[in-house]
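Trainee: I would like to learn how to read a model like this one. Please take me through it feature by feature.

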Amino acid sequence: MRLDAKIPAGPLAQKWDRYRFELKLVNPANKRKYDIIVVGTGLAGASASASLAELGYNVKTFCIHDSPRRAHSIAAQGGINAAKNYPNDGDSIWRLFYDTVKGGDFRAREANVYRLAQVSNLIIDQCVAQGVPFAREYGGLLANRSFGGAQLSRTFYARGQTGQQLLLGAYSALMRQVATGKVRMFPRREMLDLVVINGQARGIVARNLVSGEIERHEGHAVVLCTGGYGNVYYLSTNAKACNVTATFRAYKRGACFANPCFTQIHPTCIPVHGTYQSKLTLMSESLRNDGRVWVPKTPGDKRQPSQIPEAERDYFLERKYPSFGNLVPRDVASRNAKEQCDQGKGVGDTRLAVFLDFSDAIQRDSRAVIEKKYGNLFQMYEKITGEDPYETPMMIYPAVHYTMGGLWVDYNLMSTVDGLFVLGEANFSDHGANRLGASALMQGLADGYFVIPYTIGGYLAGSRFAEVKNDHPAFSESMKQVQARVAKLLAVRGQRTVDDFHRQLGLVMWDHCGMARTNDGLKKARSRIQELRAEFWQNVRVPGTERDFNQSLEKAGRVADFLEFAELMILDALARQESCGGHFNEAYQTEENEAKRDDANFCHAAAWEFTGEDKDPVLHKEPLVFENVHLTQRSYK
Ligand SMILES: Cc1cc2nc3c(=O)[nH]c(=O)nc-3n(C[C@H](O)[C@H](O)[C@H](O)COP(=O)(O)OP(=O)(O)OC[C@H]3O[C@@H](n4cnc5c(N)ncnc54)[C@H](O)[C@@H]3O)c2cc1C
């Protein structure tokens with residue numbers, strides 16, 4: 001297989017405009033002849049469905065929730081980036097592009113990132129027109145704040161609920177199309193297979209999660225917007241329903257999976273506090289605009305923070321990175337927090353936490369100002385921990401948050417299967433080895449509102465389609481396989497719960513494929529995962545039946561996929577013998593313990609091709625060519 005990214009020729013800043021002109025168009029009267037399946041209703045899926053229906057295509061939209069609004073995007077707190085330069089502090093499309101490529105440790109595709117920066121401004125206009133209530137300055141201009149990896153303020157926000165407000169905007173646009181009849185909404189459906197006919201994605205097989213019925217849906221193209229797979233670690237900041245199933249099943253039908261080992265560990269989360277905890281909570285990165293991160297200078301110091309004098313505190317991020325201070329990118333901040341805890345300077349009962357302290361900001365700006373900016377986040381922290389962050393520093397520790405890996409896509413956002421497009425967190429995306437804060441919402445909406453409406457037209461206008469109905473043998477074959485897998489899960493009737501397996505898998509992944517990795521640890525993890533997977537199919541207990549609403553069965557299917565997918569992550573981590581961004585192999589670090597890339601050998605996207613059950617996948621490499629930025633050792637000093 002040859003990976004062709006289809007990057008248009010010409011100067012970087014003109015590529016997208018020229019490409020849009022060169023793409024074939026589907027004339028308005030013909031658009032109604034095409035059926036498009038969109039799976040997922042987060043920011044990527046809702047914006048794509050609404051935009052495609054607005055253009056005149058017939059759209060069928062699926063999600064696992066009871067309402068499209070429950071997508072995980074609703075949880076996003078901090079904000080969305082755009083290069084508007086309202087604060088007049090030096091931003092530009094070029095700078096957003098540069099910061100993103102550098103932030104991703106030079107493992108993203110230049111042309112995609114530049115396009116993302118270009119359309120970022122359109123997203124803000126679109127959302128404002130929808131009525132998204134972004135925070136404003138006194139004079140009426142939209143307000144901005146800073147996020148990691150940038151020395152200026154370009155993040156638009158709606159208090160700590162930016163994702164919610166953006167999703168309500170996209171959802172309104174989607175529901176408008178549901179009302180016009182151009183979108184048919186299928187909630188409570190879980191896509192369990194992709195149907196490929198004559199090399200083209202022509203439909204999906206989904207389970208109705210309420211009745212248990214297995215359904216088949218045909219179309220001319222399939223657009224996956226099914227989010228990230230951070231829950232492979234069991235504990236993460238992701239919504240509990242986030243999973244890898246749709247993308248993993250598409251992988252098994254021929255879509256290459258790229259960079260699966262690139263995981264983002266967010267530095268600003270409420271620390272783990274018990275063995276039976278099922279969820280971790282993010283405290284938004286926006287808090288690092290005003291909060292100062294510190295630990296006691298002396299290892300083992302158990303005094304209350306108020307009793308530790310200023311001279312005995314180490315504001316380690318400000319000390320090590322004076323230019324960016326507390327707003328270094330997430331991978332850098334996380335590794336530093338871990339390093340402090342490994343040296344015995346961690347705080348709290350578990351000693352796996354560092355302080356995030358607002359006392360200086362409150363003294364400087366007043367409690368009222370801080371409350372206005374972060375009130376709901378402070379309230380959330382107090383509810384969960386019982387401590388008042390206005391009075392005592394928050395305690396935070398890194399947690400799994402976002403996955404930069406995903407299905408490989410070309411410049412059109414099309415995977416290695418013709419007609420299968422992948423948007424939002426589900427694709428391997430524009431973020432390289434580390435995503436900068438507030439860039440996921442930007443990318444999901446860029447993909448859905450501003451990229452797919454053009455590129456899918458180019459595909460449809462340039463392809464021939466055989467007549468396919470959902471009684472095609474490929475649908476029947478896929479249905480049989482899906483039914484057999486469901487039956488197999490129910491037939492085991494073992495002793496251990498699905499959660500029990502999932503928790504154990506998560507621990508293996510966190511210990512060996514988490515913030516720091518070693519070759520020995522990764523190899524150990526691989527055999528541990530294989531053993532766990534074998535035991536799962538002998539000993540898992542899934543109560544209930546398939547003809548019913550059965551959440552244990554849903555979970556079992558997702559965990560079964562995680563148990564296979566985890567091994568792919570390990571293989572990818574082992575193949576990438578360098579450190580970059582979220583992938584930190586301890587063997588490759590600078591003298592100052594920063595990630596050390598090997599550009600001569602690993603300046604590529606790693607795309608894995610499925611070759612059959614119990615066979616090793618094949619690795620394909622898309623070389624990353626940097627013509628506009630110089631590859632350097634990242635520095636935030
Ligand atoms: C707590 C938290 C805060 C965040 N804050 C920010 C922020 O401030 N700024 C920022 O830029 N990013 C933030 N992020 C990241 C960002 O929220 C996500 O990357 C982004 O929302 C993902 O959007 P999406 O549309 O790709 O997927 P999602 O919103 O995850 O939506 C996935 C959709 O797919 C559906 N689905 C999944 N599997 C199936 C299946 N098999 N069949 C059918 N449907 C399926 C789901 O029902 C859902 O509708 C945050 C993440 C977290 C965890």
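Trainee: Is R188 buried, partly exposed or exposed?

Mentor: First, the ground rules. This is a predicted model, where local features need pLDDT of at least 70, side-chain atom pairs count only at pLDDT 80 or more, and totals for chains, interfaces and linings use all residues. Residues are numbered from 1 along each chain as its sequence is written, and side-chain values use heavy atoms, without hydrogens and water. Now the cut-offs: buried means under 20% relative accessible area, exposed over 50%, and partly exposed in between, with a 1.4 Å probe and protein chains only. R188 has 24% relative accessibility, so it counts as partly exposed.

Trainee: Where is R188 found?

Mentor: R188 lies in the loop between β5 (183-186) and β6 (189-197). Such labels come from DSSP runs: helices are H or I of at least four residues, strands are E of at least two, and numbering starts at the N terminus.

Trainee: What should I look for in the backbone angles?

Mentor: Most residues other than glycine have a negative phi. R188 has a positive one, near 55°. N259 also has a positive phi, near 45°.

Trainee: Is N259 buried or exposed?

Mentor: N259 has 2% relative accessibility, so it counts as buried. Its place is the loop between β10 (257-258) and β11 (263-269).

Trainee: Which residues cover the two faces of strand β14?

Mentor: Strand β14 spans residues 354-357. V354 and L356 are buried on one side, and F355 and D357 are buried on the other.

Trainee: How many bridges join β14 to β15?

Mentor: Two strands pair if DSSP finds at least two bridges between them. β14 and β15 (residues 394-403) are joined by three bridges and run antiparallel. There, M395 is the bridge partner of F355. β14 also pairs with β12 (residues 292-296), antiparallel, over three bridges. In that pairing R292 stands opposite D357.

Trainee: How do I judge the whole chain?

Mentor: Start with the inventory: 17 helices and 19 strands. Then take the radius of gyration, computed over C-alpha atoms, and compare it with the globule rule, 2.2 Å times the number of residues to the power 0.38. The chain has 24 Å, close to the 26 Å that the rule gives for 637 residues, so it is as compact as a globular protein of that length. Of those 637 residues, 62% count as buried.

Trainee: What share of contacts joins residues at least 24 apart?

Mentor: A contact means heavy atoms within 4.5 Å. Among contacts between residues at least 6 apart in sequence, the share is 74%.
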